[in-house]
Amino acid sequence: VTYYDLHCDESGIDRGQQFYLGAICCSPVRTRVLQAGLENVRKQYGLASEMKWTKVSQTMLVAYKAFVDVFLDDPYCSFRLTEVSYGPQWRNFAKDEESRFFKAYYVFLRMNMKLYSRYSIYVDDKPGKRFRWSNIQYAINGATRRDYGLMKKQVCKLVPLDSKHSDLLQVVDVVLGAAVSV
């Protein structure tokens, strides 16, 4: 069994005709390597605040590039990106916007998980919605049990985090913002 970490964020929820879901996928060992590298960049550039795509500026460009390069230079990590359209089928996806969002997240995760691997998933928390995240974990594990007869949990844990306290979620935010702004 192979273990992976998925560090996930979203972008553009309140804008336009679509939004995006993105994730860094890596092994737990690579997660620790990335975290150490990001911590070094923070020290080198004196970065104390949250790194976000919306905060990129000309004066901070070199620091942001160094921050993101920790991930981009790692050959053992990958980035997953999905566009979710608010097209005609969106209204039929679930009964309300919140349910549609979490269902889209469920589909995104299922599409980006290998069947016989196990995952720790870290998501940018939605205040007051922790029960929705545990529902996704339960639904994914139930679906893999039902559809493939796998008794081991595919999602070992799904952890909602405040992105202010997770450098890897901040990297996802910046890479996602850059990818969808092009």
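Buried means under 20% relative accessible area, exposed means over 50%, and partly exposed lies in between (1.4 Å probe, protein chains only). The model is predicted: local features need pLDDT of at least 70, side-chain atom pairs count only at pLDDT 80 or more, and totals for chains, interfaces and linings use all residues. Residues are numbered from 1 along each chain as its sequence is written, and side-chain values use heavy atoms, with hydrogens and water left out.

**View A. Arg110 and Asp147 form a salt bridge.** The term covers a side-chain nitrogen of Lys or Arg within 4 Å of a carboxyl oxygen of Asp or Glu. Here the closest N and O atoms are 3.8 Å apart. The pair links distant parts of the chain, 37 residues apart: Arg110 sits in helix 4, Asp147 in helix 5. Helices are DSSP runs (H or I, at least four residues), numbered from the N terminus. Asp147 is partly exposed at 40%. Arg110 is partly exposed at 23%.

**View B. Arg132 meets Glu98 in a salt bridge.** The N to O distance is 2.7 Å. Arg132 belongs to helix 5 (residues 130-148) and Glu98 to helix 4 (residues 97-111), 34 residues apart. Arg132 is buried, with a relative accessible area of 15%. Glu98 is partly exposed at 27%.

**View C. Glu97 pairs with Arg91 in a salt bridge.** Their closest N and O atoms lie 3.7 Å apart. Glu97 is partly exposed, with a relative accessible area of 40%. Arg91 is exposed at 59%.

**Whole structure. A search finds 10 salt bridges.** Among them are the Arg110–Asp147, Arg132–Glu98 and Glu97–Arg91 pairs.

Key:
Helices (H or I, at least four residues) and strands (E, at least two) are DSSP runs, numbered from the N terminus.
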